[in-house]
Amino acid sequence: MNRLKSWAQLTICLVAAVHFGSARATDADKANPSAPSAAVNAPQGPAAGEAVKNPLEEMFESGKRAFEKKDYAAAYRLYRKAAEQGHAGAQCEVGDMYLAGQGVRADDAEALRWYRLAAEQKDADGQAHVGLMYANGRGVAMDDEAAVKWFRLAAEQGDPGGQSNLGAMYLEGRGVDRNDAEAANWIRLAALQGEPMAQYNLGVLFREARGVEQDEVESVWWLRKSAEQGNADAQTMLGQMYSIGGAVHKDDAEAVQWWRKGADQGNALAQYHLGVSLAEGRGVDQDRELGIKLLTLSARQGLALAKDYLWTNGNISVESSNR
């Protein structure tokens with residue numbers, strides 16, 4: 001994570017290689033205008049437009065339905081059967097289940113094996129997942145250069161997770177020379193496809209003029225897109241921007257609403273800001289007791305700002321406060 005201003009930090013974390021809908025209808029076209037349309041895998045039947053049922057695809061869809069019902073044992077069985085017959089999507093799902101230990105004992109090496117099978121079929125999702133495994137050293141020794149290779153393969157196919165992660169590697173200089181402009185280009189492509197972490201990072205890049213010209217209006221636009229998808233970092237930063245004013249009008253009550261969303265997800269900085277607002281009655285009815293509880297939660301996550309506030313405003317230490 002690269003720290004920026006005291007209240008704004010750029011969260012450079014690797015995101016799961018999942019697909020998102022476009023943030024704006026026209027933005028998806030901007031993201032990869034030359035990309036070919038996805039091929040329809042199901043063969044056409046005798047009548048024009050009538051698809052013949054594909055047994056592998058049916059098995060895969062049955063696995064998805066079982067997973068959605070949290071019947072992980074059944075989902076694993078169905079995904080595994082389709083994966084063994086070469087269904088790339090099922091291979092990625094089996095990898096996910098090994099990674100998370102859902103329906104099967106957790107096994108990073110086995111997860112990587114299934115991701116690699118999908119990646120070797122040039123499946124972008126599989127390629128991006130292999131990159132994540134190398135970047136995080138799961139199931140294989142950490143290797144940033146290998147991670148960049150796989151992220152790039154996925155990114156060049158238009159995969160938003162691969163694009164976002166490739167941008168993150170350029171920002172950190174991991175496995176590649178640090179290059180903010182190149183990072184911004186890849187992150188923008190992912191953000192245009194609706195990837196929330198990319199939208200957040202792009203918002204911060206516009207605010208901090210890293211790889212792009214500074215533009216606080218554009219920054220707020222991307223942060224809001226990310227926050228509305230539930231990204232806690234974006235929610236927290238948006239609250240900070242409303243509390244300060246500038247690109248948006250100063251509005252303490254609006255700031256509290258965004259901090260509350262971030263705090264509900266356990267974001268330490270959001271807990272801190274919401275706690276202070278409650279303790280001081282800023283933008284919300286005063287509730288010192290709840291404010292102290294939130295500040296304590298934040299402090300226990302290691303946030304120095306929360307520890308300092310508790311000590312300065314009541315000589316409360318994290319160790320002495322009620323658990």
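Start by selecting W221, which is partly exposed at a relative accessible area of 30%; buried means under 20% relative accessible area, exposed over 50% and partly exposed in between, with a 1.4 Å probe and protein chains only. The model is predicted: local features need pLDDT of at least 70, side-chain atom pairs count only at pLDDT 80 or more, and totals for chains, interfaces and linings use all residues. Residues are numbered from 1 along each chain as its sequence is written, and side-chain values use heavy atoms, with hydrogens and water left out.

**Aromatic pairs**

A search of the whole structure gives 4 aromatic pairs. Rings of Phe, Tyr and Trp (its six-membered ring) pair if their centres lie within 6.5 Å; planes under 30 degrees apart count as stacked, over 60 as edge-to-face and the rest as tilted.

Next, select F67 and Y72, a tilted pair with 5.1 Å centre to centre and 55 degrees between the planes. F67 is partly exposed at 26% relative accessibility, and Y72 is partly exposed at 23%. Returning to W221 and W222, these rings form an edge-to-face pair, 4.7 Å centre to centre with 85 degrees between the planes.

**Charges over rings**

Select R113 and W114. The charged end of R113 sits over the W114 ring, 4.6 Å from its centre. The criterion is NZ of Lys or CZ of Arg within 6 Å of the ring centre and within 35 degrees of the ring normal. Then select K261 and W258: K261 lies over the face of W258, 5.9 Å from the ring centre.

**Helices α5 and α6**

Show residues 108–119 as α5 and residues 124–136 as α6; these helices pack at an angle of about 145 degrees, with axes 7 Å apart. Axes are lines fitted to C-alpha atoms, for helices over the stretch in contact, and angles run from 0 to 180 degrees between N-to-C directions. Helices (H or I, at least four residues) and strands (E, at least two) are DSSP runs, numbered from the N terminus.

Which residues make the contact? On α5, select D108, A111, L112, Y115, R116, A118 and A119; on α6, select G126, Q127, H129, V130, M133 and Y134. Contact means heavy atoms within 4.5 Å. The contact residues divide into 8 nonpolar, 3 polar and 2 charged. Here Ala, Val, Leu, Ile, Met, Phe, Trp, Tyr, Cys and Pro count as nonpolar, Asp, Glu, Lys and Arg as charged, and the others, Gly among them, as polar.

Select N267 in the loop between α13 (252–264) and α14 (268–280). Is N267 buried or exposed? N267 is buried, with a relative accessible area of 13%. Leaving aside neighbours within four places in sequence, N267 is in contact with A232, D233, T236, G262 and Q301.

Most residues other than glycine have a negative phi. Now select K70, a non-glycine residue with a positive phi of about 65 degrees. K70 lies in the loop between α2 (55–68) and α3 (72–84) and counts as exposed at 60% relative accessibility.

Finally, select A209, where phi is positive, near 55 degrees, in a residue other than glycine. A209 lies in the loop between α10 (196–208) and α11 (216–228) and is partly exposed, with a relative accessible area of 39%.

**Whole chain**

Zoom out to the protein chain, which has 16 helices and 2 strands. Of its 323 residues, 47% count as buried.
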